[in-house]
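This briefing concerns chain interfaces and a helix packing. Please consult the sequence and structure shown here.

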Amino acid sequence: MSKKIIALLLCVVMALSIAACGTTTPTDDGGDDAQKTYAIVPKSAGNPYNEKEVEGFKEIIEANGGKVVVSYPTEATADAQITCINSLISQHVDSIAVAANDANALQAVLTEAMQAGIKVSGLDSAVNKDSRQTFAQQAGIKEVAQALCDAVLEIAGGEGQWAIVSASSQATNQNAWIDAMKDLMASDDKYAKLELVDVQYGDDEPIKSTTVTQALLSNYPDLKVICAPTTVGIAAAAKVLQDQKSACKLTGLGLPSEMAAYIGEGDDFSCPYMFLWNPIDLGKLSAYISMALVEGKITGAAGETFEAKDLGVTYTIVDAADGGTEVILGQPFAFTPDNIEEWKVIY
Amino acid sequence: MKKNFRELSLVIVLVLLVGAVSIKNPSFLSLGNFAEILKNNAVTMILALGMLCVLLVGGIDISVASTMALSGMSVGLLFKFNIISSTPLGFLIGIAIGAVCGLLIGVIVGYGKVAPIIATMGGMYIFRSLAYVISDSQWAGADALRHFPNFALGSFLGINNCVWIVIACYIIFFVVLKWTKFGRNIYAVGSNPIAAEISGINVAQVKLCVYTIMGTLAGLGGVLATTIYASAMPSMQLGSEMDVIAACVIGGVSMSGGRGSVIGALLGSLILAVIGKALPLVGISAIAQNTVKGLLIVVVILVNVITQRAMKKRSLERREM
Amino acid sequence: MAGKSGRTINATPSNRLKGAILSWEGLLVLIFIAVVIFCRIISPNYTVENVLREMPKYLSEIFLFFPMAFILMLGEIDISVGSIVCLSATAGCLFSNMGLSFPLVIVTILLVGTICGAINALLITRFPELPSMIITLGTQIIFRGIAEIALGDGGSVAVTDFKGFMSIAGKIGPFPYMFFLVLISAVIFTVISVKMRYGREVMAVGSNRDTSYYSGIKVRRVIFIAYTVMGLMAGVAALFLTAASYGANTTTGTGFEMDAIAMAVFGGIATTGGKGRMVGGIISAFIIVCLRIGLGQINLNSQLILLIIGVLLIFAVLLPNISAMIKAKQKTKAAK
């Protein structure tokens with residue numbers, strides 16, 4: 001009997017306290033003249049690449065008098081990002097820039113955000129076209145693919161076997177680049193003598209990336225080039241090749257600070273050169289997009305332009321391959337033995 | 001006799017696995033390849049020893065991966081910011097950090113009487129987030145670690161330094177568990193804690209020691225992982241506690257305590273290591289590798305159980321005669 | 001029986017109220033109120049509407065908590081639920097895209113979950129030598145692995161026709177439908193655990209398996225049901241999770257098992273089996289959810305949130321243990 005009373009009591013108290021906290025709904029903090037709040041949701045915490053994006057984003061917003069909210073997901077999953085974005089909607093932020101862990105999973109929550117009047121844009125890794133107004137693309141997919149294909153061709157010396165070590169089979173970016181590389185190689189005769197023998201996934205874990213690289217080397221003794229378009233994978237692969245003093249060389253996309261020990265000329269180094277864009281600039285571009293959206297200068301339609309003062313460029317929004325729109329930061333940048341010392345301290 | 005048979009069945013499984021992979025891919029059967037397997041899995045193999053002790057006293061530790069991240073990340077950052085530059089000192093600091101983590105868990109489990117899975121689950125969250133907090137979103141890559149990764153490249157008498165550490169750990173644990181009072185106490189506590197308490201063993205103290213040992217090994221593992229892969233990141237070794245537990249269980253270590261041996265842990269982690277190494281080698285499509293790994297683990301464990309059942313039945317029959 | 005009175009309740013009416021407040025559940029309610037007030041102070045956006053709007057993801061974890069509570073009371077564990085959620089969500093999305101009507105998609109999701117649960121149940125009851133942790137560790141890898149294979153390259157699927165999913169993600173006032181479903185499930189599971197034979201059997205098996213077996217309880221059946229229900233509820237969670245994201249991917253549901261276990265433990269359900277009550281778990285589930293939402297709203301570093309949860313977990317078990325130890329010591333002193 002007493003138990004029933006207790007249970008009932010508990011329920012009442014719980015309901016009351018929930019109600020109590022909601023009776024005084026605060027008005028949206030500040031009017032239009034107040035400081036605007038710009039949110040950024042990176043892919044995960046504890047990753048220097050993401051951190052540099054955030055850094056660039058913060059720099060521009062704060063220089064222009066805005067307030068920045070960084071909401072890190074607990075894990076590198078779309079589920080965790082949904083939680084973050086939900087919380088940001090509650091906080092009535094003015095814009096959300098998101099580097100998506102999954103292209104589709106954020107659609108419901110981002111649509112809700114847009115309905116609540118929040119400007120939504122993507123950066124680094126896109127959400128699908130229905131869940132964004134526009135997207136800050138680090139470098140055109142074709143440009144990245146072109147740069148990587150040419151690097152593979154040059155390092156291989158015009159012919160031979162090559163392989164890919166990617167992050168995971170579900171990484172949107174990686175797949176887009178890999179597909180574009182395959183298309184490009186099929187369409188141009190100069191790549192005809194190159195043979196893509198295998199695509200392996202290292203799940204962005206050093207252990208697994210190491211194992212799959214070793215497997216590639218023993219399965220294909222004549223392998224000439226490995227292309228790893230992922231930061232963890234390229235570092236792990238570079239270490240394997242360098243330690244084994246393998247004749248197989250490496251290129252791909254990586255962080256200069258992580259790769260500095262492997263980039264160099266000659267047999268002592270495993271990576272002659274590799275590419276990346278500047279994540280700080282990408283964060284800055286995303287900040288400019290967010291501000292232009294919030295200020296109503298752009299709506300995210302193709303053809304609109306906005307000025308990115310700090311980057312010294314006026315950007316134009318263009319149509320993206322997925323049917324949405326995007327803004328392309330620029331060309332991928334090559335890190336060579338000549339410039340790596342200079343860049344490794346920056347990011 | 002019975003015990004040896006169980007280990008023999010594991011050896012057979014291991015040989016069959018190696019044989020099957022070698023038929024599919026002859027390059028598997030080379031000395032260099034086995035050296036790679038040992039080096040790649042040095043961390044899991046060492047942690048399996050600690051987990052063996054923890055499981056022997058009837059506990060479990062799912063915080064080890066986080067402890068590794070904390071110790072590896074700390075040492076990585078110390079090198080990155082030029083605070084230390086001596087490799088042995090790096091090892092010492094990492095091991096000490098691990099030992100403190102283990103000690104904490106040990107006190108909570110041993111004296112606070114908190115169920116091991118809860119205490120270590122808490123530890124898993126706490127240590128991992130500490131690793132994130134101290135990292136300040138930075139990694140320590142090959143360049144930042146400077147000469148530290150050279151340790152994992154060096155070798156002594158033709159055997160890699162990391163493998164030497166594994167060998168040393170296995171010899172020490174084999175001796176301690178088999179021939180010392182402490183080793184016998186561990187088995188006693190796991191088989192029957194009440195009886196052990198009555199017969200004068202300080203159960204709480206034994207548990208404290210066991211978890212501290214586990215933490216110490218995790219600290220060592222974290223540093224080793226940093227030197228082997230020349231990188232320290234806060235997310236390192238995520239989920240590897242399950243590999244370690246799986247290695248022990250494959251090796252016939254009982255999760256209810258009191259049963260298991262160093263040889264079993266060795267064989268279990270070797271089987272797991274061979275599976276991990278073989279999957280990309282035998283041309284199983286990348287997408288199916290996780291499933292096949294899971295299936296193989298389950299099958300190996302089930303085969304182990306079934307042979308044990310058959311053995312029991314046979315020994316019962318013999319007794320009836 | 002053990003199940004009927006998990007903790008002693010004083011018979012005299014004057015002590016009843018005191019007993020209610022001093023019981024673990026009473027304490028939890030106080031903590032809950034404290035948490036809500038705390039969150040209200042730190043975040044101006046902590047309103048009923050916002051909390052309820054942010055709740056769905058956590059609510060789907062609470063679905064997992066109910067059967068997990070039974071499994072923990074049995075002294076077992078299930079770490080494969082996150083993967084079951086992933087596999088059933090994947091199956092649902094893929095079948096929906098193949099043109100299956102929405103009611104059938106619901107059936108598929110629930111069925112896949114139940115089958116996965118039954119597979120766990122079968123392995124665990126057929127191989128009692130093996131701890132449930134290791135079996136569910138294996139199936140954890142396998143279930144997610146199958147989802148990975150089914151999803152293929154890209155590892156992600158979006159539902160093309162999400163009208164059905166949208167409809168179940170609807171709301172009555174500020175309350176999402178699933179909130180009511182959680183409440184209904186809470187009532188059902190509480191009644192089962194307190195009033196029904198099965199609840200008592202779970203407690204008995206969890207306290208002492210051999211004794212229960214010899215006193216005529218079908219131990220295997222009890223365990224089998226618990227794991228199958230776990231699978232079914234994982235299906236329910238998957239359904240609502242899909243409704244919140246219009247799709248599934250290979251990371252769907254990662255970490256759900258740990259969250260569900262944490263909710264149970266925080267509510268006083270012992271992982272060693274035979275102890276704990278449903279009500280405590282339900283309140284503590286809401287404590288964790290409300291706290292996480294509140295801390296999320298002030299954009300506290302997500303890793304620090306995990307740190308806080310880790311500390312709370314340990315203290316939730318440690319403090320009662322310490323107070324019990326002190327009491328025991330006082331008793332022995334008094335006896336002397």
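Predicted model: local features only at pLDDT ≥ 70, side-chain atom pairs only at ≥ 80, totals over all residues.

Between chain C and chain A the count is one salt bridge.

**Chain C with chain A**
- The salt bridge joins the side chains of A:Glu112 and C:Arg53, at 3.5 Å from N to O.
- On the chain C side 52 residues are in contact, and they meet 44 residues of chain A.
- About 4100 Å² is buried between chain C and chain A, with 57% of this area given by carbon and sulfur atoms.

**Chain A with chain B**
- Chain A brings 31 residues to the contact and chain B brings 30 residues.
- The area buried between chain A and chain B is about 2500 Å²; carbon and sulfur atoms give 56% of it.
- One salt bridge is found across the interface of chain A and chain B.
- The side chains of A:Lys344 and B:Asp143 form this salt bridge, at 2.9 Å from N to O.

**Helices α13 and α14 of chain B**
- The axes of α13(B), residues 240-250, and α14(B), residues 262-281, come within 7 Å and cross at roughly 120°.
- α13(B) and α14(B) are therefore oblique to each other, and their crossing is right-handed.
- From α13(B), B:Asp243, B:Ala246, B:Ala247 and B:Ile250 take part in the contact, meeting B:Gly268, B:Ser269, B:Ile271 and B:Leu272 of α14(B).
- By class, this contact of α13(B) with α14(B) comprises five nonpolar, two polar and one charged residues.

Definitions and conventions:
Residues numbered from 1 in each chain as written. Chains lettered and ligands numbered in written order. Heavy atoms only, no water. Axes fitted to C-alpha atoms, helices over the stretch in contact; angles between N-to-C directions. Helix = DSSP H or I, 4+ residues; strand = E, 2+ residues; numbered from the N terminus. Parallel < 35°, antiparallel > 145°, perpendicular 65-115°, else oblique. Left-handed = near helix turned anticlockwise from the far one by under 90°. Contact = heavy atoms within 4.5 Å. Nonpolar A, V, L, I, M, F, W, Y, C, P; charged D, E, K, R; others polar. Buried area = accessible area lost by both parts, 1.4 Å probe. Salt bridge = Lys/Arg side-chain N within 4 Å of Asp/Glu carboxyl O.
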